[in-house]
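Let's take a walk through this one, going from the overall fold to a few local details. Have the sequence and the coordinates open as you read.

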Amino acid sequence: MRHLKYAASATALTLGLASTGLAQDVSKDAILENYADIAAAEYGDSLATAKALQAAVETLIAEPSADTLQAAKEAWLSARVPYQQTEVFRFGNAIVDDWEGKVNAWPLDEGLIDYVDSSYGGPTDENEFAALNVIANPTFTLSGEEVDATEITPELISDTLHEADGIEANVASGYHAIEFLLWGQDLYGHEAGNGDRAYTDYLQGDDCTGGNCDRRAAYLKAATDLLVSDLEWIVTQWEDGGEARTSLTANPDAGISAMLTGMGSLSYGEQAGERMRLGLMLNDPEEEHDCFSDNTHNSHYYDGLGIQNVYLGEYKSVDGTEISGPSLSDLVAATDPDLDAELKLKLAETMRALAQIKASAEAGFAYDQMLERGNVAGEMLVMGGVNGLIAQTKTIERVVSALGLDQIEFEGSDSLDNPSAVFQ
Amino acid sequence: MRLIAACFALVFTAVPTFAYDIDRIIDEHVLPGFGRLAANAEVLDQRAQEDCSATSPGLREAYNDAFDSWVRISHLRFGPTETGDRAFALAFWPDTKGFTPRELTTLIEARDPAADSEEDFSHVSIAGRGFYALEFLLYDPQFMDAEPEEYRCKLLQAVARDISATAQAILDDWQNGYADLLRNAGENDIYRSEEEAVRAFFGSVVSGLQFTSDTRLGRPLGSFERPRPNRAEARRSNRSARNVLLSLEGTRDLVRLLADGAPNVEAELDTAYDRALDRLAGLEDPTFAGVGDVQGRFEVEILQQNIDRIRELLGASLAPILGVGAGFNALDGD
């Protein structure tokens, strides 16, 4: 079956002409504007809900009680809903990818931050600061330098502690650090149950549990303030004239390619692979994305929804306002209606599979339990999501090809900077 | 941008000298590669059942042969390797959180009966299975003489048997259906066109070399301030540089088949591969232990640049004549 490239080249040429003709009906610029508007709205909602979390944290610190701790946890859970939908903007938008580690890095060696159970162990080959416990230690040595952490500030967290010693698992900032400070370690293994930190960890004076409650409160406040300021920064990048928006819209084809790259990379390598399948194959309850709060089912669900949002060009804001406009779906439909229908269906099937995981988890079958060795029903549930994500990636690849964007991913290489170089 | 794309299309149409042959790729690269893996894995299993001592020369030889044959085709991460957890169960690495020694310790401490049954063992965490787990059992002092001896032996045999079963299952799937899907691309829904079939192979080369550059070399390199020689792949069995060699040879084999009929592109890529292979041969540092000193680090960095040059050429020279992109791969996340 030796194949001359005549036929394929002719197809490419025809497709190229076809998409050039039809593409005028659906403006790529308008699609990119709508995408950037959705990004701005999703990050705006992430910021608003993070501010609500900040207020709840201040109340918890001022008046520690079971109720104020619960309110802070609920605020954290709410804040995750819009944020997870933004993850699709990471891959393909370099400015987001460079920034997101500050707010959503995971997994973390939580012993860096606060006390942990003895079963956690101490420093490891990979990370000698895995059990540093900054909250208990106002001064310590880090990579040969004496660190003064008597005052825990956002700057200390972002500039000194975060990724300390160049190790990614030293996550000192962002949602998951805050999650750990609110919930504590999940010591239930494969059983249902999340971290059960008591509000007394924040009581000042003799009733303090876990030690150093003043420093724990200071850490929680600094980490939450830092989250808010990091989100404020990213929101401005997506506003009119912001760098994320201008670099996206500078080249319409590269912009459309970035949208698809974000969808495909999150679907396949990140969510289906790293976050879902790997945890299942390792049977490890620590390998769930929101492990302290047992909120992983929502994390997966809203990641999936974010991907679907981008394709359909729609977003339902946390106050119910709908943003919608020219979409990738419109562009694909103008080129290949069957392919558009296929991708819509695949995205919907994935959302159904992710909804089944969420429904089971909310009804009491915790994500930890699904990961346990030999738990066939759990494996089926998780693999349903994984298979949906893999299937949609295949169709996203077909879309990349149908829109003639195959070569865009090599942008910056000789072929695009200097087309003649290829034939030298 | 559109103008450039149109130029490409016109040029291809005018110069239709290039051809690739899916049948040859399957018959000369894929099937022999997975056949060798299955055969060597079977020998590994037999040797382990005969003599389970960690220092047995025959066992270690069989281990290295089987691992060699895996690395040579480990870029082919689609289809049969991705069914169930097969490829992960053969090769769980990098292990950034030390899952493998922890899982082995847990199995040994519990005398986990999963080691008694091939079926039960196939449900064990991927961290306790495959070539990297077996490396700990064969070469790490903590596990070479682990007690009780009877269970250590049984566990080692279970890992070897599981590797063999997985390798055989991959081969079976390629032989009994999957190869035909690629041969008959355009007539089935998995591969709807020739382009989709060739994209699967091209993407596998791209991701295979990315893994070698970013992970096999990048992990021990760490940063200039903080090199990480202990993160070198399979350093306990002295295989770090060897796996880079096998990855280069294996992907080169496929690249030549993909570029067949385009002598200029083939020659350009061959030169780039030669440069990387020469650099590797001159390194004389089987575990990249030298990344800790300036000269040693420099040499590994140059090797990494040589490999990245191949990757650039794949995008700049090979992709346009194949008319495909690389698609998405498992390394797209973070």
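## Chain B as a whole

Which pattern does chain B follow, read along the sequence? The order is α-β-α-α-α-α-α-α-α-α-α-α-α-α. Counted up, the secondary structure of chain B is 13 helices and one strand. Keep in mind that this is a predicted model.

Now for the overall dimensions. A compact globule of 334 residues would have a radius of gyration near 20 Å, and chain B agrees with that, at 21 Å. Its C-alpha trace spans about 70 × 50 × 35 Å along the principal axes. Of the 334 residues in chain B, 53% count as buried. As for contacts, take those in chain B with a separation of 6 or more: 79% of them come from residues 24 or more positions apart.

## An enclosed helix in chain B

Helix H7 of chain B, residues 130-139, is worth a look. Nine of its ten residues are buried, so H7(B) is largely enclosed by the rest of the structure. The buried set is made up of Gly130(B), Phe131(B), Tyr132(B), Ala133(B), Leu134(B), Glu135(B), Phe136(B), Leu137(B) and Leu138(B).

What do these buried residues of H7(B) pack against? Their partners in chain B are helix H3 (57-73), helix H4 (86-90), helix H5 (99-110), helix H8 (141-144) and helix H9 (149-183).

## Two crossing helices in chain A

Over in chain A, helix H5 (residues 154-161) packs with helix H7 (residues 213-238) at an angle of about 80°, and the two axes are 8 Å apart. That angle is why H5(A) counts as roughly perpendicular to H7(A).

On the H5(A) side, the contact is made by Pro154(A), Ile157(A) and Ser158(A). H7(A) contributes Ala222(A), Ala223(A), Asp225(A), Leu226(A) and Ser229(A). Sorted by class, the contact between H5(A) and H7(A) has five nonpolar, two polar and one charged residues.

## A hairpin in chain A

Chain A also has a hairpin to check. Strand E2 (residues 139-142) and strand E3 (residues 145-148) of chain A run antiparallel and are joined by four bridges. Leu142(A) has Glu145(A) in E3(A) as its bridge partner.

Which residue in this hairpin of E2(A) and E3(A) takes a positive phi? That would be Ser143(A), with a phi near 50°. The hairpin has two residues between the strands.

Technical notes: Residues are numbered from 1 along each chain as its sequence is written. Chains are lettered from A and ligands numbered from 1 in the order in which they are written. This is a predicted model: local features need pLDDT of at least 70, side-chain atom pairs count only at pLDDT 80 or more; totals for chains, interfaces and linings use all residues. Axes are lines fitted to C-alpha atoms, for helices over the stretch in contact, and angles run from 0 to 180 degrees between N-to-C directions. Angles under 35 degrees count as roughly parallel, over 145 as roughly antiparallel, 65 to 115 as roughly perpendicular and the rest as oblique. Two residues are in contact if their C-beta atoms, placed from the backbone, lie within 7 Å. Ala, Val, Leu, Ile, Met, Phe, Trp, Tyr, Cys and Pro count as nonpolar, Asp, Glu, Lys and Arg as charged, and the others, Gly among them, as polar. A residue is buried if 20 or more other C-beta atoms lie within 10 Å of its own, exposed if 12 or fewer, and partly exposed in between; C-beta atoms are placed from the backbone. The radius of gyration is taken over C-alpha atoms; the globule rule is 2.2 Å times the number of residues to the power 0.38. Two strands pair if DSSP finds at least two bridges between them.
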